[in-house]
Amino acid sequence: MSNAEDITPSPYRRTHTCGELRPTHVGANVVLTGWVNTYRDHGTGLIFIDLRDRYGLTQVVFEKGESPEELLTRSDKLRGEDVIAVEGKVRIRKGGPNPKLETGEIEVVVTRLELLNKTDTPPFVPDETTDLPNEELRLKYRYIDLRRPTMQRILSKRHRVMQVTRRYFDEHGFLEVETPILYKSTPEGAREFLVPSRHQPSDWYALPQSPQLFKQILMVSGCDRYMQICRCFRDEDPRADRQAEFSQIDLEMSFVQRDDVMNLIEGFIRRLWKEVAGFDPPPFPRMKYRDAMERFGIDRPDTRFDLFIQDISDIAAKTDFKVFKDALAKGADAPRYASRRGVVKAIRVPAGGGAEKLTRKLTDGYSEWIKGFGAGGVAVVKLNAQGTFETGIAKFVEVPGIKEEFISTLALKPGDTVLFVADTYAIATKSIGELRLKIARDVGLVPPSGPEGGPWNFLWVIDFPMFERNKETGKWVASHHPFTAPLPEQQKKFVEASLDDDDTIESMVSAGYDVVLNGSEIGGGSIRIHDQAVQSKVFALLGLTPEQAKEKFSFLLEALRYGAPPHGGLAFGLDRLVMHLVGTDNIRDVIAFPKTQTGADLMTRAPSHVTDQQLKDLHVKSTWVPTPKT
């Protein structure tokens with residue numbers, strides 16, 4: 001470290017940023033400030049420094065005969081990440097232009113240098129030319145990691161997303177209203193973060209999982225159009241695309257139908273991508289939930305590649321393959337799409353479109369892998385060059401009549417491979433949907449996307465089921481959330497349905513809608529329930545007694561009795577939007593101060609211990625017992 005007297009507060013203010021100077025500035029006297037990015041001593045009275053700030057890099061030169069002699073001596077002590085101010089004259093770069101830099105045609109010959117702060121040796125260098133350290137080190141020294149130009153560009157792009165958002169919705173009459181962070185616990189959703197109340201010793205706040213109920217109350221209040229960029233909290237295990245603390249673009253509108261919301265939101269996304277990414281998306285296609293599940297096996301289909309799922313139950317029933325017959329015997333009396341009904345589903349991988357990469361080892365591995373989704377395994381068959389089925393279950397489909405029907409239904413050609421999953425509709429559909437994605441990754445069908453010019457495939461998914469069975473408890477749960485309305489034409493049928501009429505309940509279709517981009521849900525919403533009788537029926541179906549519903553949601557049920565308008569809205573995951581726009585699959589790249597997979601902040605060392613007195617003041621006592629050391 002240098003002595004304190006070597007560090008002089010600068011009386012100068014910068015005149016330009018390090019990404020600003022061009023040949024039009026030649027001859028100008030300028031002041032630049034920033035960090036020493038790289039240092040090069042040519043040993044002949046010539047020292048080059050790339051000076052960096054968040055706007056870019058500028059080469060500054062200490063040159064014998066042009067810079068004062070004492071500057072050559074002082075500049076020789078500079079090292080990477082020192083903070084300096086320099087004054088000098090702009091000239092055309094003597095060594096020729098550097099096309100990699102926006103400022104690559106000029107350089108600044110230094111006539112004055114001030115060391116503003118000398119750095120310790122940093123744990124890693126925040127530039128783009130060296131390999132990144134492990135993520136743990138990056139998060140511990142996040143203030144250094146954020147100096148990297150890539151991270152600065154991401155923060156800048158996130159800022160632009162927020163500004164475009166506010167401008168667009170302001171233009172369309174939305175009010176930005178802040179909703180509470182300290183909220184009431186409603187534990188039907190994800191696990192909540194709880195906050196003790198000092199003034200009400202036996203009661204607790206919860207941090208909001210979303211502002212859902214408050215924005216509905218705002219519609220009852222006559223707000224008409226609401227938006228907010230808000231913080232939300234879910235005490236769940238973080239994943240690559242999820243954090244326990246995240247940002248949401250939250251919206252709600254009154255006196256609207258589903259198309260009104262979807263058209264306005266589609267306009268926003270198209271504006272956002274055009275302004276931030278320079279890409280003008282075409283109109284979004286709309287796909288019904290049932291079609292998405294039938295063709296793709298997932299309600300957020302990735303439509304960038306053509307691997308389609310087909311239900312071949314009718315043909316499979318004609319074979320003697322026991323696995324197929326056992327699956328089809330399940331729930332045979334149930335309606336076609338009932339979750340308990342047995343089905344057989346197939347994916348055709350075409351010759352020249354990935355089939356040649358599906359080795360025996362790979363397909364054998366799928367049978368074990370798919371068990372993680374509840375299925376028993378994967379059956380495989382290949383159509384060889386002679387038009388004969390081979391491998392796997394070939395003997396069960398290489399049967400006159402059955403063979404021709406398989407080939408015709410699946411449009412098979414020599415060299416194609418077919419993979420089958422047989423189980424209940426719920427298990428088989430989910431399993432083969434995940435298998436489709438895995439096959440696409442394994443054989444290289446998934447194209448890159450993002451700012452490098454890869455495809456951005458947007459679509460709407462609509463007509464979701466209102467309810468589904470929880471696999472563990474067997475109880476009905478809301479597919480979106482319990483405030484989602486049924487389609488208008490189904491509302492009367494729902495209100496009149498018996499709570500134990502499973503087939504009718506399972507057939508209920510909601511007025512919900514999701515925006516999907518490249519297989520990722522980036523936003524979801526619905527028309528809300530504005531009728532108190534319908535809302536009470538939903539709560540009853542979900543297992544809440546009238547007393548429990550009143551305890552948890554009395555303010556909402558009361559509000560719905562006092563002139564609640566028809567209303568609907570949507571919420572976007574802001575972090576996911578930015579992930580797509582910058583081309584990363586790691587959510588921690590687009591958040592300034594993210595948490596680790598265990599929810600820890602390595603820089604501030606949160607969460608941390610608190611004192612016994614703090615707990616006592618909050619009327620809280622810890623029951624945690626440390627594990628004895630061995």
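1. Rings of Phe, Tyr and Trp (its six-membered ring) pair if their centres lie within 6.5 Å; planes under 30 degrees apart are stacked, over 60 edge-to-face, and the rest tilted. By this rule there are 24 aromatic pairs. One of them, Phe279 with Trp456, is tilted, at 5.4 Å centre to centre and 55° between the planes.

2. That pair ties together parts 177 residues apart in sequence, because Phe279 lies in the loop between α6 (258–277) and β11 (286–288) and Trp456 in the loop between α13 (425–443) and β17 (458–462). Helices (H or I, at least four residues) and strands (E, at least two) are DSSP runs, numbered from the N terminus.

3. Phe279 is partly exposed, at 26% relative accessible area, while Trp456 is buried at 9%. Buried is under 20%, exposed over 50% and partly exposed in between (1.4 Å probe, protein chains only).

4. Phe284 and Phe458 are stacked, with 4.9 Å between centres and 5° between planes. Phe284 belongs to the loop between α6 and β11 and Phe458 to strand β17, 174 residues apart. Both Phe284 and Phe458 are buried.

5. Ring pairs also join Tyr168, Phe169, Phe174, Phe268 and Phe572 into a cluster.

6. The charged end of Arg469 sits over the ring of Trp476, 4.0 Å from its centre (NZ of Lys or CZ of Arg within 6 Å of the ring centre and within 35 degrees of the ring normal). Lys537 lies over the face of Phe494, 5.2 Å from the ring centre.

7. Please remember that this is a predicted model: local features need pLDDT of at least 70, side-chain atom pairs count only at pLDDT 80 or more, and totals for chains, interfaces and linings use all residues. Residues are numbered from 1 along each chain as its sequence is written, and side-chain values use heavy atoms, leaving out hydrogens and water.
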